[in-house]
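Hi there,

Here is the structure I promised to pass on to you.

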Amino acid sequence: MANPEPQSTPLPHAAKEVSGAVVRFVGDSGDGMQVTGSQFTVAAALAGNDLATFPDFPAEIRAPAGTTYGVSGFQINFASRDVFTPGDSPDVLVAMNPAALTTNIRDLKRGGLVIVNSGAFTATNLKKAGYEKNPLEDGSLDGFNVFAIDISKSTLAAVEHTGLSKKDAERCKNFWTLGLMFWIYDRDLASTIKWVEAKFGKRQELVDANVAALKAGHAYGETAEISHFHYKVPPAAVAPGTYRNIGGNTALAWGFVAAAQLAERPLVLGAYPITPASDVLHELSRFKHFGVTTIQAEDEIAAICLALGASYAGSIGLTTSSGPGIALKGEAIGLAVSTELPLVIVNIQRGGPSTGLPTKTEQADLFQAVYGRNGEAPVCVLAASTPGDCFYMAIEAVRLAVKYMTPVMLLTDGYLANGAEPWRIPDIADLPKIDVTFRTDPEGFHPYLRDETTLARNWAIPGTPELMHRIGGIEKSFKSGHISYDPENHELMCQTRAEKVARIADDIPELQIEVGEDSGKLLVLGWGSTYGAIREAVQRARERGLSVSHAHLKYINPFPKNLGEVLARFERVLIPEMNLGQLVKIIRSQYLVPAESYPKIQGQPFKIDEVEERIRLVMES
Amino acid sequence: MSNVVPAPKLTRKDFESDQDVRWCPGCGDYSILANVQRVMPELGVPREKLVFVSGIGCSSRFPYYMNTYGFHTIHGRAPAVAMGIKAANPDLTVWLVTGDGDGLSIGGNHLMHCLRRNVDLNILLFNNRIYGLTKGQYSPTSEFGKITKSSPTGSVDFPVDPSTFAIGCSASFVARSIDVDATHLTEMLRRTAAHKGASFLEIYQNCNVFNDGAFDAFREKVHRDDRTIRVQHGKPLLFGKDNTRGLRIDSRTLSLEAVTLGENGVTEQEILLHDETNPTLAYMLARMPFPDFPVALGVLYAVDKPTYDGTLTAQRDASLKKNGQGDLHALLHSGNTWQVS
Ligand code: SF4
């Protein structure tokens, strides 16, 4: 027998170059997984990777420790190539307790790396998670690379010198874990150390303990058996510019601040706390010096009514909520339609009906947005497609609202709200100004005089001499703006309001093909947050030789002018959406095309694999 | 009152809009409208700075008849709309016109929060104890057992008293008047306008079609002196023709007593002095049981406290002073950023 070549053991410090990875951190609500995930994200972003993240947390604020329903997770997909989604199945699972392991292990890739805190695998915790036997010992994890480390104990040892109580000391274990992950992916600790200092600045012992834990976890990587798992993900090739990481709700809030500046008008937000929209209220309440007024109203109805009152008085009125709140706002949206005042309503959709799945994502409020009011009450409906896109769609919503004197409903969802991605910061000078003109001329004035092109009525705000007038929700005369119950006039006004919104189609971009040819066998048409999964799935299907293209709608009412033509150029149309098929029904009714539905309604975004598989099935059928 | 600018002398006529008034002939709303239009020129606020906001109901038609800015909103929600107007432009003088159904039933929540926040609004609640516009159902101020179209065997609801409600909501100004008493009503309108903060004026208003005579027992001229008491700050709580009756406190039961001067040795010394700043007294006066006691009219309660819109403005100014004018570029570049070239 010939001597085999000596096996080359990689040196602990030589990092293997890989194109990317998907990592999921899971633990108890109290284990600090969101912080760990965000810090890992910042480091990946600073290293120049493209990335997408998604947190997944329970609806309960403090679910009992160790339970499966108290598991909180954070997933990141980072790579040296373009990234469009937080990734389907993780390459690495970090599980801080048995409940986290049992609820997530099925998603992990075969052969994936599992890091568990064996210190939390006590008899009680195993029982709470429903394990009869310890999975670390019974062979059920064979097929994965499992590292069971007593992270609790290692953390206690690392921070002992700081004199923290055992309870406080153990809370540093997420930083120990983060340190280890930083070692595995060859990351710099500096940004996290800076964050810890800023966060705990006033309590030096906490700064010391968390930094010590972070460094200890990092050092552990170097010395332990795990040191074979040491990777480097090179920077992604992206357009030049200054980048930052941004989440959908932050982008949305900043977009409204930008819009108010571009319009040179104050912004008034009326909002009532609701998941997952409250963060927009929190964020905007910091910007008083930008001329932003935020009012936490007594309920959802008051929130929209005060926004409408603010619009009436010449500010940009905004209300942000989620499905159940939007349901309550319906009558006031109708008033905005009838009084033809600008108003922006944001629905950050979550699982419904009723309370539904408050912390999960869904797109089932599309009908509500397009049709959900009494009477003929057309509103402009927009949908953001990525976290960073929320910034631009917020500006677009304001632009259309003030230009057309109409309520605009902007749809995002829990996935966009809490997801994050690197975002190229725009140059403010490149953002087009939003023109706002108030009527001041009393000559021939009445409140429902219209612009001939847009059909927008003139905006005459209280405080303007000689333009005193009365408006309200009662039908008014096309000719004078006075109350009118005349039958023909009502029909004319209904048609005018509908036509006004329809004319927005002349003012928005045409629908582009994102990926693929302009015509062909199959068009996958999406809207909103499914952008990343569809785009990537279509890309992959094309790499396998399938004739498929992707187009994505950001304007839903009205649709882009060329939508009908685009649809006609494809033999078949497939519409994946996180509902039971809503856009598909609107498309079928408006364009009489036999579009096919691919619904998913599990409170979870589409996986790339799922969409790709569906494309394959459709094309085979 | 914010922003009192000398304006060309206006008259009552200047505040009449070109719309025909469409309330039923004989409705108490006419008198209220006339008195509001009469008081407006005195207040010195230019018409373009006045906004009348209303909800839905007979009273809520009010803005259409005023030659000012007007917003006829949706049922019950006028306080929220008005608050948005004040938040956007605190310089405007905003009057809110509502009724017992609009303000206390469907819009009770908004009225409560607008009062406790002390938004600088002048709120007129026309209380006719009935739903007029929907043709005669019982309202939240209708008496228990009231027979209406929707309560043929008598209403099973206990009523709420608007002024008591307002005091309970920590309103900073609560007053009450009657539609037909022009002198008193105009005086109350002036006080309502002058108060900074949420001024709440309840006006007993006769709906001669669906609840005629609801207040006759004390509204009729012959009864007014004996069955109402005009409270005035710092003055003894006397009523009746020649002011021979009065209110005193029974200190053992902490309750009011209606007494007659000279009877059982009662002297004026024992009569309570009205104190607008005393919420407990205001509460007692607001809910004196009729007819054992007279109906209290006048300013029941008035205190100064910061207004909602004033505090909003102050916070914005403070933020501007601390942070300077918001810099969008700096905001977008805040936190961790990185350069790709
Ligand atoms: S129904 Fe009553 S309150 Fe309404 S207008 Fe007629 S009289 Fe006045």
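A polar contact, as used here, is a pair of N or O atoms within 3.5 Å; within protein, one of them must be able to donate a hydrogen and the other to accept it, and residues adjacent in sequence count only if both atoms are side-chain atoms. On that rule, 26 residue pairs are in polar contact between chain A and chain B (both at pLDDT 80 or more).

Some bookkeeping before the rest. This is a predicted model, in which local features need pLDDT of at least 70 and side-chain atom pairs count only at pLDDT 80 or more, while totals for chains, interfaces and linings use all residues. Residues are numbered from 1 along each chain as its sequence is written, chains are lettered from A and ligands numbered from 1 in the order in which they are written, and side-chain values use heavy atoms, with hydrogens and water left out.

Now the interface. Chain A puts 67 residues into the contact and chain B 57 residues, where contact means heavy atoms within 4.5 Å. Together the two chains bury about 5300 Å², with 64% of it on carbon and sulfur atoms; buried area is the accessible area (1.4 Å probe) that two parts lose on being put together, summed over both. In chain A, the residues that lose the most area to chain B are His289(A), Glu298(A) and Arg470(A), together 14% of what that side buries.

Glu298(A) turns up again in a salt bridge with Arg117(B), the closest N and O atoms being 2.7 Å apart. Another of them joins Lys600(A) and Glu610(A) at 2.9 Å, N to O. Lys600(A) lies in the loop between strand E23 (596-599) and helix H20 (608-620) of chain A and Glu610(A) in helix H20, so the pair ties together parts that are 10 residues apart in sequence. Helices (H or I, at least four residues) and strands (E, at least two) are DSSP runs, numbered from the N terminus.

Two strands pair if DSSP finds at least two bridges between them.

Within chain B there is an open sheet of 3 strands in the order E8-E9-E10, with antiparallel pairing. Strand E8 (238-239) and strand E10 (255-260) stand at the edges with a single partner strand each, so one side of each is left without a neighbour in the sheet. E8(B) is joined to strand E9 (residues 245-250) by 2 bridges, while E9(B) and E10(B) share 6 bridges. The hairpin of E9(B) and E10(B) has 4 residues between the strands, and Leu254(B) takes a positive phi near 45° there.

Two backbone details may interest you. The peptide bond from Gly352(A) to Pro353(A) is cis, with omega near -5°, and the one from Phe290(B) to Pro291(B) is cis too, with omega near 10°.

Finally, which residues are around the ligand? Among them are Trp23(B), Cys24(B), Asn128(B) and Phe210(B), a residue being near if one of its heavy atoms lies within 4 Å.

Best wishes

Definitions and conventions:
A salt bridge is a side-chain nitrogen of Lys or Arg within 4 Å of a carboxyl oxygen of Asp or Glu.
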